[in-house]
Amino acid sequence: MLHSMTAFASAEVATPAGALGCELRSVNHRYLELQLRLPDELRALESSLRERVAARVARGKVDLTMRLRPTAGGPPPLEVDEALLERVLDRANAIAARVGNPQFDPLALLAWPGVVREPERDGAALHAAALAVLSSALDDFAATRAREGERLKVFMVERLDAISALVAQLRAWMPEIRAGLRARLEARLADLKLPLDPGRVEQELVLGLSKLDVDEELDRLESHVAEARATLGRGEAAGRRLDFLLQEFNREANTLGSKSVDARTSQASVELKVLIEQVREQVQNIE
């Protein structure tokens, strides 16, 4: 299934430490670029989170954000090590008396390491919850990318159908265009009113027509359309391959334009380039 590189998904799970939320956002990028924003409690899990995202996402600039929000009851009450606080207070008073300034900020005492006890948390349970909420968000993320990818696929198939129709129209025009070109060349030779070798004239006519022949370009365009359709139907990351194919599409369209000797083929070359560019714009969104 084709996947878009642009998507958003979120999930949340309740934990003893609070509500743990996960958000995934992605935009177009040539490769996979993953940026994580994690609370301190989950820093040790960064490598595992990266591996899980990389297993599901091939390309795109992906932002993964996790937030730990305290429960509705608010944060737990502060637990103070009273014995340590007394020792710190005694030393603070002694220093204040020595410098003749008995005033100090009580909050500075609480900031002393160990005075306020951090509530114990089950790190393993929190890590397990983080992996679970990421898995849920990734499922939604992948589904969103797949839905958007299918919409892009429909758009691109319509343009490929239009390219095929243009190629078929060009093939139908070519006998008439060749006949008209041959008639013009013969008329110009006749205007010279010089004795000419009929065999040599025929050779020059054939040579002139062969230089303007576009059968090979039309064949290659049909081949590229078939390959693009096959790539879209393979159900794997297709963006890079399609991007390469579109370069080949453009090459053939440019050659058609340079060989054109008829207003119809010139216009068809322009229309081909428009269709190819429309497909290329959407390929930039494909994983």
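R264 is partly exposed, with a relative accessible area of 25% (buried means under 20%, exposed over 50%, partly exposed in between; 1.4 Å probe, protein chains only). The model is predicted: local features need pLDDT of at least 70, side-chain atom pairs count only at pLDDT 80 or more, and totals for chains, interfaces and linings use all residues. Residues are numbered from 1 along each chain as its sequence is written, and side-chain values use heavy atoms, with hydrogens and water left out.

The structure contains 20 salt bridges. In each, a side-chain nitrogen of Lys or Arg lies within 4 Å of a carboxyl oxygen of Asp or Glu. R264 takes part in one of them, with E176, at 3.5 Å from N to O. This pair links distant parts of the chain. E176 sits in helix α4 (residues 123-192) and R264 in helix α8 (residues 263-283), 88 residues apart. Helices (H or I, at least four residues) and strands (E, at least two) are DSSP runs, numbered from the N terminus.

A further salt bridge joins E23 and R67. Their closest N and O atoms are 3.7 Å apart. Here strands are linked: E23 belongs to β2 (residues 18-27) and R67 to β4 (residues 60-69), 44 residues apart. E23 is partly exposed, at 23% relative accessible area.

E227 and R241 also form a salt bridge, with the closest N and O atoms 2.9 Å apart. E227 lies in helix α6 (residues 215-232) and R241 in helix α7 (residues 239-259), so the pair ties together parts 14 residues apart in sequence. Both residues are partly exposed: E227 has a relative accessible area of 22%, and R241 has 44%. Salt bridges with shared partners also join E216, E217, R220 and E252 into one network.
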